[in-house]
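Welcome, and thanks for taking a look. Here is a short tour to read alongside the model.

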Amino acid sequence: AAALGIPGSFGVIYKIKPDGTQFSIIYNFQGMPDGAISNGYQSLVSDGSYLYGMTWSGGLLNHGTIFKLMFDGSNYSKLLDLNDQTGYYPYGSLIFDGSFLLGMTAQGGDIYSLGGTIFKIKPDGTDFSKLHEFAGSPGGSFPLGSLFSDGECCYGVTSDGGLNNSGIIFKYRYKPTGITENST
């Protein structure tokens, strides 16, 4: 198993057997060049060949990164430096639908929304696309946690916005269009 941890100043990726043996750090983050883990809420996802993840901060603009690496920690590659337009400060984990990695950012997006984004990107770092920008009431803003997918739609929650300004539970059909909101 591989997971993200916070023992170093910028965070590490480690692996450990389910019985607690053979713990080893496979990657040490350096901050601005490659990313920094600061919240511990992100997990890794795999396509069978690589592990993929996001960092909360670090990277070129200190807004977080999307990255991949091999199971042994080799071949680290930064797929994208997050920024104001892509969205930034991802709080949850990526999901993999067989073709694209999908994720959310807690902040950023269009200059008029700034409430976070849903995005997709190919595992090789190409074809990044914002699928949705959160803009507050009534549509929610500041998504937290990870997306869940049924292969056609993804589901998640925001911490703000909605009818009562307490967040929403949403469903987004990323094959091909639309968002449906359910306020909580």
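## A loop residue to start with

D127 lies in the loop between strand 10 and strand 11; strands here, like helices, are DSSP runs numbered from the N terminus (E, at least two residues, for strands; H or I, at least four, for helices). The phi of D127 is near 55 degrees, a positive value in a residue other than glycine. Most residues other than glycine have a negative phi. D127 also forms a salt bridge with K122, with the closest N and O atoms 3.2 Å apart. A salt bridge here is a side-chain nitrogen of Lys or Arg within 4 Å of a carboxyl oxygen of Asp or Glu.

## Ground rules for the model

This is a predicted model, in which local features need pLDDT of at least 70 and side-chain atom pairs count only at pLDDT 80 or more, while totals for chains, interfaces and linings use all residues. Residues are numbered from 1 along each chain as its sequence is written, and side-chain values use heavy atoms, leaving out hydrogens and water.

## The overall picture

The protein has 15 strands and 0 helices. Of its 184 residues, 46% count as buried.

Among contacts with a separation of 6 or more, 36% are between residues 24 or more positions apart. A contact means heavy atoms within 4.5 Å.

## Strands and their partners

Two strands pair if DSSP finds at least two bridges between them. Strand 10 (residues 117-121) is joined to strand 11 by 4 bridges, and I118 has H132 of strand 11 as its bridge partner.

Strand 12 (residues 141-149) and strand 13 (residues 153-160) run antiparallel, joined by 5 bridges. L144 stands opposite V157 in strand 13. The two strands form a hairpin with 3 residues between them, and G151 in the turn has a positive phi of about 95 degrees.

## Around the hairpin

E152, in the loop between strand 12 and strand 13, brings us to another charged pair. The side chains of R173 and E152 meet in a salt bridge (2.2 Å, N to O). This pair links distant parts of the chain, as R173 sits in strand 14 (residues 168-173) and E152 in that loop, 21 residues apart. R173 is partly exposed at 29% relative accessibility, and E152 is partly exposed at 40%. The whole structure has 5 salt bridges, including one between D81 and K78 (3.0 Å, N to O).

How many disulfides does the structure hold? There are 0 disulfides, a disulfide being a pair of cysteine sulfur atoms within 2.5 Å. C153 is in no disulfide, and its nearest cysteine sulfur, that of C154, is 7.5 Å away. That distance is too far for a bond. C153 is buried at 2% relative accessibility, and C154 is buried at 0%.

## Aromatic pairs

The structure holds 12 aromatic pairs. Rings of Phe, Tyr and Trp (its six-membered ring) pair if their centres lie within 6.5 Å, with planes under 30 degrees apart counted as stacked, over 60 as edge-to-face and the rest as tilted. Y14 and F23 form a tilted pair, 5.4 Å centre to centre with 35 degrees between the planes.

F29 and Y76 have ring centres 6.3 Å apart and planes at 85 degrees, so the pair is edge-to-face. F29 lies in the loop between strand 3 (24-28) and strand 4 (45-46) and Y76 in the loop between strand 6 and strand 7, so the pair ties together parts that are 47 residues apart in sequence. F29 is buried at 3% relative accessible area, whereas Y76 is partly exposed at 21%. Ring pairs link Y27, F29, F67 and Y76 into a cluster.

Terms used:
Buried means under 20% relative accessible area, exposed over 50%, partly exposed in between (1.4 Å probe, protein chains only).
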